[in-house]
Amino acid sequence: MTSHHSIFIQPGHPVEGLLADVALACGGRLRRAVNVPADYVVSLSDATLELEMEHEYEEDKGIPFERYQVVLTVRESNSSMEREAVISRQIFHELATLRRYWLVLVFDLQTVIDTAAPPGQEAFPSARRE
């Protein structure tokens, strides 16, 4: 199984606005996924992004995955972990700059690279918000 970078996102409000924000942060167009276990896909010149509006991950290695409703997985086209890390950090930064979402950027579902939260909030949301 290949390791990837993922951004877990808790919108804290209806997800419709999130779709537009993710498209803007990625610099690509979201389209409904076909033949992949994701809801939406964004194809970039050097990566494919898979957006799942729900997931079944639970807390692991101290990371409370279940507190995040959405996961965005970055898959670099040439299997370059370095390039994938750069793309993931750029997207994470774009979403964090909006200051609307709880975010956690992880590698291989094991290592936290960065977290972000709306102003005045804890880094990890305290409970799942539907």
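Pro118 has a relative accessibility of 11%, so it counts as buried, the cut-off being under 20%. Keep in mind that this is a predicted model. The protein chain holds two helices and seven strands, and Pro118 sits in the segment that comes after strand 7 (111-116). Here's a quick tour, starting with that proline and then moving out to the rest of the chain.

**Around Pro118**
- Setting aside neighbours within four places in sequence, Pro118 touches a run of residues made up of Arg99, Arg100, Tyr101 and Trp102, with heavy atoms within 4.5 Å.
- Gly12 is 106 residues away from Pro118 along the chain, yet their C-alpha atoms are separated by 9.6 Å.

**Overall build**
- If you walk along the sequence, the elements come in the order β-α-β-β-β-β-α-β-β.
- A compact globule of 130 residues would have a radius of gyration near 14 Å, and the protein chain's 13 Å agrees with that.
- Along its principal axes, the C-alpha trace spans about 40 × 30 × 25 Å.
- Take the contacts in the protein chain with a separation of 6 or more: 52% of them link residues 24 or more positions apart.

**What's inside**
- Of the 130 residues in the protein chain, 43% count as buried.
- In soluble globular proteins, nonpolar side chains tend to be buried together.
- Here, the largest nonpolar core has 27 residues, and Ile9, Val22, Leu51 and Ile91 have the most contacts inside it.
- At least two residues of this core come from each of strand 1 (5-10), helix 1 (16-26), strand 3 (40-43), strand 4 (47-52), strand 5 (70-76), helix 2 (81-98) and strand 6 (102-107).
- Helix 1 is the top contributor to this core, giving six residues.
- Ile91 is in contact with Ile7, Ala25, Cys26, Leu49, Leu72 and Val74, again leaving out neighbours within four places in sequence.
- There is also a second, separate core of eight residues, among them Phe8, Tyr68, Val104 and Val106.

**Surface and charge**
- The accessible surface of the protein chain is about 7,000 Å², and 46% of this belongs to carbon and sulfur atoms.
- Counting charged side chains gives 12 positive and 20 negative in the protein chain.
- The centres of those two sets lie 5 Å apart.

Notes:
Residues are numbered from 1 along each chain as its sequence is written. This is a predicted model: local features need pLDDT of at least 70, side-chain atom pairs count only at pLDDT 80 or more; totals for chains, interfaces and linings use all residues. Side-chain values use heavy atoms; hydrogens and water are left out. Helices (H or I, at least four residues) and strands (E, at least two) are DSSP runs, numbered from the N terminus. The radius of gyration is taken over C-alpha atoms; the globule rule is 2.2 Å times the number of residues to the power 0.38. Buried means under 20% relative accessible area, exposed over 50%, partly exposed in between (1.4 Å probe, protein chains only). Accessible areas come from the Shrake-Rupley method with a 1.4 Å probe; for residues, only the protein chains shown count as cover. Lys and Arg count as positive and Asp and Glu as negative; His and the chain ends are not counted. The place of a charge is taken as NZ of Lys, CZ of Arg, CG of Asp or CD of Glu. A nonpolar core is a set of buried Ala, Val, Leu, Ile, Met, Phe, Trp, Tyr and Cys residues joined through side-chain atoms within 4.5 Å.
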